Amino acid sequence: QVQLVESGGGLVQPGGSLRLSCAASGMIFSMYVMGWYRQAVGKQRELVASITSGGSTTYTDSVKGRFTISRDNAKNTVYLQMNSLKPEDTAVYYCNAKRRAEYWGQGTQVTVSS
């Protein structure tokens with residue numbers, strides 16, 4: 001029933017930008033804490049950014065000042081604006097929703113390479 005679908009990934013050069021979107025359905029979106037996680041090949045999955053129902057945000061140190069998470073409750077969508085991308089940002093990016101239960105999207109590939 002709950003579904004999270006990521007989009008916006010792709011190949012970008014270092015220093016470039018991408019905006020990821022996560023469209024949610026099957027839930028009362030505004031009640032959930034939304035997050036973006038990423039997992040690089042051979043690496044742990046890490047929380048990149050999160051945003052509460054009230055709009056409070058958190059970021060992992062490595063993306064502070066470069067990434068911005070936002071949400072549009074009217075569109076049931078959470079975004080991750082990624083600027084000044086670095087090769088080390090290359091990963092599959094996953095959308096996460098958490099209230100009582102936790103849900104995950106399928107992921108979208110972001111590749112930063114010359």
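This is a predicted model: local features need pLDDT of at least 70, side-chain atom pairs count only at pLDDT 80 or more; totals for chains, interfaces and linings use all residues.
Leaving aside neighbours within four places in sequence, T108 touches E6, S7, G8, G9, L20, A91, V92 and Y93. T108 belongs to strand β11, which spans residues 108–112. With a relative accessible area of 10%, T108 is buried, because the limit for that class is under 20%. Now display the side chain of T108 and the backbone of G9: the T108 side chain reaches the backbone nitrogen of G9 at 3.3 Å.

Next, turn to the aromatic rings. A search of the whole structure finds 2 aromatic pairs. For one of them, select Y32 and Y103, whose ring centres are 6.4 Å apart. The planes of these two rings meet at 55°, so the pair is classed as tilted, falling between the 30 and 60 degree limits. Where in the chain do Y32 and Y103 lie? Y32 is in the loop between β3 (18–25) and β4 (33–39), whereas Y103 is in strand β10 (residues 102–104). The pair thus links distant parts of the chain, 71 residues apart.

Colouring by accessibility separates the two partners. Y32 counts as buried, at 8% relative accessibility. Y103, at 27%, counts as partly exposed.

The charged end of R45 sits over the ring of Y94, at 4.1 Å from the ring centre. Then move to R71 and F29: here the charged end of R71 sits over the F29 ring, 4.6 Å from its centre.

Conventions. Residues are numbered from 1 along each chain as its sequence is written. Side-chain values use heavy atoms; hydrogens and water are left out. Rings of Phe, Tyr and Trp (its six-membered ring) pair if their centres lie within 6.5 Å; planes under 30 degrees apart count as stacked, over 60 as edge-to-face and the rest as tilted. Helices (H or I, at least four residues) and strands (E, at least two) are DSSP runs, numbered from the N terminus. Buried means under 20% relative accessible area, exposed over 50%, partly exposed in between (1.4 Å probe, protein chains only). A charge sits over a ring if NZ of Lys or CZ of Arg is within 6 Å of the ring centre and within 35 degrees of the ring normal. A polar contact is a pair of N or O atoms within 3.5 Å; within protein, one must be able to donate a hydrogen and the other to accept it, and residues adjacent in sequence count only if both atoms are side-chain atoms. Contact means heavy atoms within 4.5 Å.
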